Amino acid sequence: MVLEDKMIANGEPEEEEEEEEEEEMVDPLETVREKCEQTEHCVHTRERLEACETRVGSRSETTEDCTEELFDFLHARDHCVSADVRCQGLLFLNELFKMIFYTCSALFVFCRWPTRFSDY
């Protein structure tokens, strides 16, 4: 800080550090969860959870909690997420196998050419 004060007192210009604005990372899991929360089953279980929270919140003394409704909602959402992730994983594996197949096919053809030409 003392060095900065001396630089300003001496009339030297301050160097401004430009902060690089980093693009905010988006968690793909959160994106899939948001999509799954819009499905019919998740909407239904969320409505049950919200109704329970409203009911419990309106009472001053109650032993009821909304644990069951919360677990039902989380289970429905996670079931949807796991199905989506499995589907994406299968699509990735499909593309990977295609790349491996085409690479192996190209190598096979490339390696077979000299023997074919030598047959003539």
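Let's start at Cys42, which counts as buried at 1% relative accessibility (buried means under 20% relative accessible area, exposed over 50% and partly exposed in between, with a 1.4 Å probe and protein chains only). The structure you are looking at is a predicted model, in which local features need pLDDT of at least 70, side-chain atom pairs count only at pLDDT 80 or more, and totals for chains, interfaces and linings use all residues. Residues are numbered from 1 along each chain as its sequence is written, and side-chain values use heavy atoms, with hydrogens and water left out.

**The overall picture**

- The protein has 4 helices and 0 strands (helices are DSSP runs of H or I with at least four residues, strands are runs of E with at least two, and both are numbered from the N terminus).
- Reading along the sequence gives the pattern α-α-α-α.
- Of the 120 residues in the protein, 13% are buried.
- Take the contacts between residues at least 6 apart in sequence: 56% of them join residues at least 24 apart (contact means heavy atoms within 4.5 Å).
- The accessible surface comes to about 11000 Å², and carbon and sulfur atoms account for 57% of it (areas come from the Shrake-Rupley method with a 1.4 Å probe, and for residues only the protein chains shown count as cover).

**The nonpolar core**

- Which residues make up the largest nonpolar core? The 7 members are Cys42, Leu49, Cys52, Val56, Cys66, Phe73 and Ala76 (a nonpolar core is a set of buried Ala, Val, Leu, Ile, Met, Phe, Trp, Tyr and Cys residues joined through side-chain atoms within 4.5 Å).
- Two elements give two or more residues to this core: helix H3 (40-58) and helix H4 (67-119).
- Helix H3 provides the largest share of this core, with 4 residues.

- Cys36 and Cys80 form a disulfide with their sulfur atoms 2.2 Å apart. This pair links distant parts of the chain, with Cys36 in helix H2 (residues 28-36) and Cys80 in helix H4, 44 residues apart.
- The link of Cys36 and Cys80 is left-handed, with -75° about the S-S bond.
- Cys36 counts as buried at 0% relative accessibility, and Cys80 counts as buried at 19%.
- Cys52 and Cys66 form a disulfide too, with their sulfur atoms 2.1 Å apart. Here Cys52 lies in helix H3 and Cys66 in the loop between H3 and H4, 14 residues apart.
- The torsion about the S-S bond of Cys52 and Cys66 is about -95°, so this disulfide is left-handed.
- Both Cys52 and Cys66 are buried. Leaving aside neighbours within four places in sequence, Cys52 is in contact with Glu64, Asp65, Cys66 and Glu69.
- If you number the bonded cysteines in sequence order, the pairing is 1-4, 2-3.

**Charged partners**

- Side chains of opposite charge can pair when their charged atoms come close.
- The count comes to 9 salt bridges (a salt bridge is a side-chain nitrogen of Lys or Arg within 4 Å of a carboxyl oxygen of Asp or Glu).
- One of them joins the side chains of Arg48 and Asp72, at 3.5 Å from N to O. Arg48 is in helix H3 and Asp72 in helix H4, 24 residues apart.
- Arg48 is partly exposed, with a relative accessible area of 36%, and Asp72 is partly exposed at 28%.
- Another salt bridge joins Glu37 and Arg46, at 3.2 Å from N to O. Arg46 is partly exposed, with a relative accessible area of 30%.
- Glu64 and Arg59 also meet in a salt bridge, at 3.1 Å from N to O. Salt bridges that share partners join Glu37, Arg46, Glu50, Arg77 and Asp78 into one network.
- Arg77, in helix H4, is buried, with a relative accessible area of 12%. Not counting residues up to four places away in sequence, Arg77 touches Arg33, Cys36, Glu37 and Cys42.

**On the surface**

- Is His75 buried or exposed? His75 counts as exposed, at 58% relative accessibility.

Key. A disulfide is a pair of cysteine sulfur atoms within 2.5 Å.
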